[in-house]
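Dear colleague,

Please find the structure below, handed over for your records. My findings follow it.

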Amino acid sequence: MPDLGTYATEVLLAYAVSLGLLALLITWTWARSRRVRRDLAALEARVTRV
Amino acid sequence: MASLWEYANPVKFMRLSNWLMPVSAVLAAALIAVGLYWGFFLTPDDYRQGATIKIIFLHVPAALMAINAWAMMLVTSLIWLIRRHHVSALAAKAAGPIGATMTLIALITGAIWGQPMWGTWWAWDPRLTSFLILFLFYVGYIALWSAIEDPDTAADLTAVLCLVGSVFAVLSRYAALFWNQGLHQGASLSVAPGTRMDWSYKGPLYLCMIGFVLLFVALVLAGTRTEIRARRSRALMTRERARA
């Protein structure tokens, strides 16, 4: 860990918030993609059965 | 060489993005990881700003993508308005939440950086204010897509909103130069002669910037693929309802 001196709180907070927001965005994109793909597969299976 | 317009075909777009998305994602992860490691652990403190200079490796790439995401949305919205290619409208829709997140990161890291350097979290400075307005445009853009049920009408109205918001995307980039006042400095990186930043900072910063561009590409491709599937689901449901 580098010595961040008197600005340790600011630097660590900036990194934590940014990486947290990026992680949220990636998780949301991935989760939505999975849900929509699953719904489409179920719908296509139902339509082809009919 | 295949024409760019061929990728307006959802099937061709899905085929292309199927390999391009993971490649972009892996490259983005690698570049951001190396850039942030280099920037956080290996760069020296700035002689005036101390360790807060390390915030630049997140703040500048996020701000870059906040503006360029809107620029990409502008181009794809114009393609929708002129040529009515659905994939371009869906790509613009997918870019909205990504651009909003990038703008939020730029605003928050800017405030955290500004507090010890300027003595305040926020000032109604031209660049800060135009970025805040850009963020509000992103929120409005996302809300408008959600509020309108008919996808073509939503694409039309959001495209018009995107054209209007482009003024603030341009202002966000050039506000510091237009008004030449306020707390925010001008461009940190420039192709003009004269050293503005040492390579010990430029190296990791460029890596993070390229990484953020690739992350944006990967997320837009993933989001557009999701929107194409959602659109197909809606079409199938409508057909099913019509049959019943």
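In what order do the elements of chain B run from the N terminus on? They run α-α-α-α-α-α, and chain B has six helices and zero strands. Helices (H or I, at least four residues) and strands (E, at least two) are DSSP runs, numbered from the N terminus.

This is a predicted model, in which local features need pLDDT of at least 70 and side-chain atom pairs count only at pLDDT 80 or more, while totals for chains, interfaces and linings use all residues. Residues are numbered from 1 along each chain as its sequence is written, and chains are lettered from A and ligands numbered from 1 in the order in which they are written.

The C-alpha trace of chain B spans about 70 × 35 × 30 Å along its principal axes. Of the 244 residues in chain B, 44% are buried (20 or more other C-beta atoms within 10 Å of the residue's own, with C-beta atoms placed from the backbone).

Chain B and chain A touch through 32 residues from chain B and 23 residues from chain A; two residues are in contact if their C-beta atoms, placed from the backbone, lie within 7 Å. On the side of chain B that touches chain A, α1 (10-42), α2 (56-83), α3 (86-118) and α6 (199-243) each supply at least two residues. The most comes from α6(B), with twelve residues.

In chain A, the end C-alpha atoms of residues 12-31 are 28 Å apart, and the chain there is 100% helix and 0% strand.

With kind regards

Key
Buried ≥ 20, exposed ≤ 12 C-beta atoms within 10 Å, placed from the backbone.
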